[in-house]
Amino acid sequence: MYSCSDHKSCLSDALHVADKICQKKGLRFTSLRKIILEMIWSNHEPSKAYDILDKLKDVNLSAKPPTVYRTLDFLLENGLIHKLNSLNAYIGCSHPLEHNECFFLFCQECKEIKECCNKELAKAINQTASNNKFQPMNITLEIQGECQECTDKARL
Ligand SMILES: [Zn+2]
Ligand SMILES: [Zn+2]
Ligand SMILES: [Zn+2]
């Protein structure tokens, strides 16, 4: 779906932005944080915590699960990744800290995820919440379906 023409630059941009954010906030972008973010960004598909643990073993970095979860929490708190609750998986944020509301289009065919923003949708959610005297804290909308590329492929 994503058809990013140059994934190397997706990856290096993501790491560059993460580095900048950590510097600005006075946080340490440790090598484990960097490696895990890199693993999540290795593609546009969701990553599960146990896949990350496996990959760490592959590169001979035996981090214990609590350490990995703490690192994932760090990346989440700083807006560098998102958690997709329905999949219990993580995805790199394509524009960290520019938004609080994210909408994810998840292609069930190619398993790729695209992050979208829509102010109108965010407004509607906030309006609905306030009509119900409800304070939303974490809005993550996941929309499952099929991307154009996969639909086209299926037609061939
Ligand atoms: Zn890419
Ligand atoms: Zn995001
Ligand atoms: Zn697709």
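1. Helix α1 (residues 7-25) is the main contributor to the lining of the second largest pocket, giving five residues; helices here are DSSP runs of H or I with at least four residues. A pocket is an open set of points on a 1 Å grid over the protein atoms alone, with protein on both sides within 12 Å along at least five of seven lines, and lining residues have an atom within 4 Å of a point.

2. A word on the basis: this is a predicted model, in which local features need pLDDT of at least 70 and side-chain atom pairs count only at pLDDT 80 or more, while totals for chains, interfaces and linings use all residues. Residues are numbered from 1 along each chain as its sequence is written, and side-chain values use heavy atoms, without hydrogens or water.

3. Back to that second largest pocket: its volume is about 190 Å³, taken as the space filled by probe spheres set on the points. Among its 13 lining residues, Cys10, Asp13, Ala14, Trp41 and Ser94 lie nearest the centre.

4. The zinc ion (ligand 3) has Cys107 (SG), Cys110 (SG), Cys147 (SG) and Cys150 (SG) as protein donors, 2.3 Å away; donors are N, O and S atoms within 2.8 Å of the metal (3.2 Å for Na, K and Ca). In sequence, these donor residues follow the spacing C-x2-C-x36-C-x2-C.

5. Cys107 is buried at 1% relative accessible area, and Cys147 is buried at 6%, where buried means under 20%.

6. The disulfide count is zero, a disulfide being a pair of cysteine sulfur atoms within 2.5 Å. The sulfur of Cys116 lies 7.5 Å from the closest cysteine sulfur, that of Cys117, so the two are too far apart for a bond.

Conventions. Chains are lettered from A and ligands numbered from 1 in the order in which they are written. Buried means under 20% relative accessible area, exposed over 50%, partly exposed in between (1.4 Å probe, protein chains only). On a 1 Å grid over the protein atoms alone, a cavity is a set of points where a 1.4 Å probe fits but cannot get out, and a pocket is an open set with protein on both sides within 12 Å along at least five of seven lines; lining residues have an atom within 4 Å of a point. Helices (H or I, at least four residues) and strands (E, at least two) are DSSP runs, numbered from the N terminus.
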